[in-house]
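Hello,

Here is the structure I said I would pass on. My notes on it follow below.

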Amino acid sequence: MAQTADERSREEPIVDVVVVGAGFAGLTAARDLVRLGYDVVVLEGRDRVGGRSSTTTIAGTPVDLGGTFVGPTQEAVVELARELGCKTVPTHNRGKNLIKWRGRVRRYRSTIPRLSMLELFDVSRIQWRFDRISRRISVAEPWKAPHALSLDDQTLDRWLRSLHASASTRDLMAIMSRVTWGCEPDQVSMLHAVRYVKAAGGIGRMLDVEGGAQQDRFPGGTQQIALRLADELGERVRLNAIVRRIERHADTITVGADGGDVTAKAVIVAIPPAHRGAIDFSPVLPPEYEKLAQHWPQGNLSKAYAAYETPFWRANGCSGEALSDEGPVFITFDVSPEDPEQSGSSRPQGPGILLGFTDPRTFDSLPPAERRERALSGFADLFGDEALQPIDYIDHCWGTEDFAPGGPTAAVPPGSWTTYGPWLRKPVDQIFWAGTETADQWTGFLDGAVRSGRRAAAEVHTELSD
């Protein structure tokens, strides 16, 4: 006679906690719980750990296909990296930045590009209005803010147009939107935009290199943090274990995954909200949770790297940072492995590596050879024809991945925060939620993922120790 789920769960070994997802959030939660004495199993659908952190090599140098940078006030991930022996180096930013704007390449310094006085005034005006709104937003409960419904009812683009922002200001904000959420300004809620920026400490903190979120990077790549966490956890981490269902029983939860079921006292789901919808919950979750998964989509962002014999742009007085109002490359950074100013060399050493964020709308659907050609052409438009002759090249399109596609984070559309926000991380019985999208500090960043894992682990500990 067939066994019931409750009968099977009584016969199977029961662990304390199952963590779904071996990204920074899930691995951090598992590590904290193991240190508290709990028996934990981590189920990861990919064949690797790290989630949206994935490190590969170009010209023999580690580079990150996903999360790359860290900066001041990101203490959670920096402290974790320090504990695990993962060092950081400053992101190169000496020299002039470049901007290709309206068909012309110009040099500038600081965060704001060199524009006309009227354009600079308009950018400052819009930033002041943006900051003023964010001061009235609660990061923890943005749906309770004054005018929350009005802010959530409109897109960032609609808000900009309501203030008669200039075309230049709107185009600059579009670059911010693409690199931050992987979407256009007419796709993201204004309430989400101000809440997200406030969680990062302001526009300057979020976008700057020196003193900002791009100040430092890991020469060995960010995925080494996840790999070292997984090494600590050992056989508790199971790869290629796609979670298909989560069944709640009277006192336990059974997690059905490829490779075998696991029964536990509590579960932490540490994946993006949009991917929760791929799991069959039984009994079904309250309807707000299902709708949240449908209305919290992932953005799409792609990256291209080109390696050269030397960082030739430095010899021309350029930092490697650039912006462009044309695609597909719209923002660049110098992530070369050595900094000649620090090494004491008077001559640029190699290899030189340019990182370019690319627009998935015009990039992802192209054949690999054409993507390479378009990306190198974008680099050459900014840095000259030397950029057309790399010694190595790679790119990665997160939106085209077969499993758990999208990134860098959620691109939350209008209406979602005020309608579904209260259920973003509210537990359901013994099911808890983690992931950088659920963080109140540095939402969407590696730091936010670590913070969310620690918060979820603390919630589980409180539940199981009562």
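**Notes on the model**

Arg 135 is exposed, because its relative accessibility is 57%. The model is a predicted one, and that applies to everything below. Arg 135 sits in the loop that runs between helix H4 (117-134) and helix H5 (148-152). Together with Arg 129, Arg 132 and Arg 136, Arg 135 makes up a patch of positive charge on the surface.

S12 pairs with strand S11 (residues 243-248) in the antiparallel sense, over five bridges. In that pairing Ala 257 of S12 has Val 243 opposite. Four residues separate S11 and S12, and the two strands form a hairpin.

S12 also pairs with strand S13 (residues 262-269), again in the antiparallel sense, here over three bridges. Val 262 in S13 stands opposite Val 255. This pair too is a hairpin with four residues between the strands, and Gly 259 in the turn has a positive phi of about 100 degrees.

**Salt bridges**

The structure holds 27 salt bridges. Asp 16 counts as buried, at 14% relative accessibility.

Asp 334 and Arg 314 form another salt bridge, at 2.8 Å from N to O. Here too the pair links distant parts of the chain: Asp 334 belongs to strand S17 and Arg 314 to helix H13 (residues 312-315), 20 residues apart. Both Asp 334 and Arg 314 are buried; for Asp 334 the relative accessible area is 1%. Asp 334 also has a contact across the sequence to look at: Asn 93 is 241 residues away along the chain, yet the C-alpha atoms of the two are 7.6 Å apart.

Arg 178 and Glu 184 meet in a salt bridge of 2.8 Å, N to O, and both residues are buried. Arg 178 and Glu 184 belong to a network of salt bridges that also takes in Asp 359 and Arg 361.

**A three-strand sheet**

Three strands form an open sheet in the order S5-S9-S6, with antiparallel pairing. Strand S5 (69-70) and strand S6 (89-90) are at the edges with a single partner strand each, so one side of each has no neighbour in the sheet. S6 and strand S9 (residues 216-217) pair over two bridges, and Pro 90 stands opposite Asp 216 in S9.

**Backbone points to check**

Most residues other than glycine have a negative phi, and most peptide bonds are trans. The following residues depart from that pattern.

- The peptide bond from Gly 327 to Pro 328 is cis, with omega near 0 degrees. Pro 328 is in the loop between strand S16 (318-324) and strand S17 (329-334).
- The peptide bond between Gly 407 and Pro 408 is cis as well, with omega about 15 degrees. Pro 408 falls in the loop between strand S19 (392-397) and helix H17 (416-420).
- Ala 404 has a positive phi, near 50 degrees, and lies in the loop between S19 and H17. Ala 404 counts as buried, because its relative accessibility is 18% and the cut-off for buried is under 20%.
- Trp 442 also has a positive phi near 50 degrees. Its place is in the loop between strand S20 (431-433) and helix H18 (446-465), and at 2% relative accessibility Trp 442 counts as buried.

Regards

Key. Residues numbered from 1 in each chain as written. Predicted model: local features only at pLDDT ≥ 70, side-chain atom pairs only at ≥ 80, totals over all residues. Heavy atoms only, no water. Patch = residues over 30% accessible without salt bridge, like charges linked within 9 Å, V, L, I, M, F, W, Y side chains within 5 Å. Areas by Shrake-Rupley, 256 points an atom, 1.4 Å probe, with all protein chains shown as cover. Salt bridge = Lys/Arg side-chain N within 4 Å of Asp/Glu carboxyl O. Lys, Arg positive; Asp, Glu negative; His and termini not counted. Charge placed at Lys NZ, Arg CZ, Asp CG, Glu CD. Buried < 20%, exposed > 50% of the residue type's maximum accessible area, 1.4 Å probe, protein only. Pairing = 2+ DSSP bridges.
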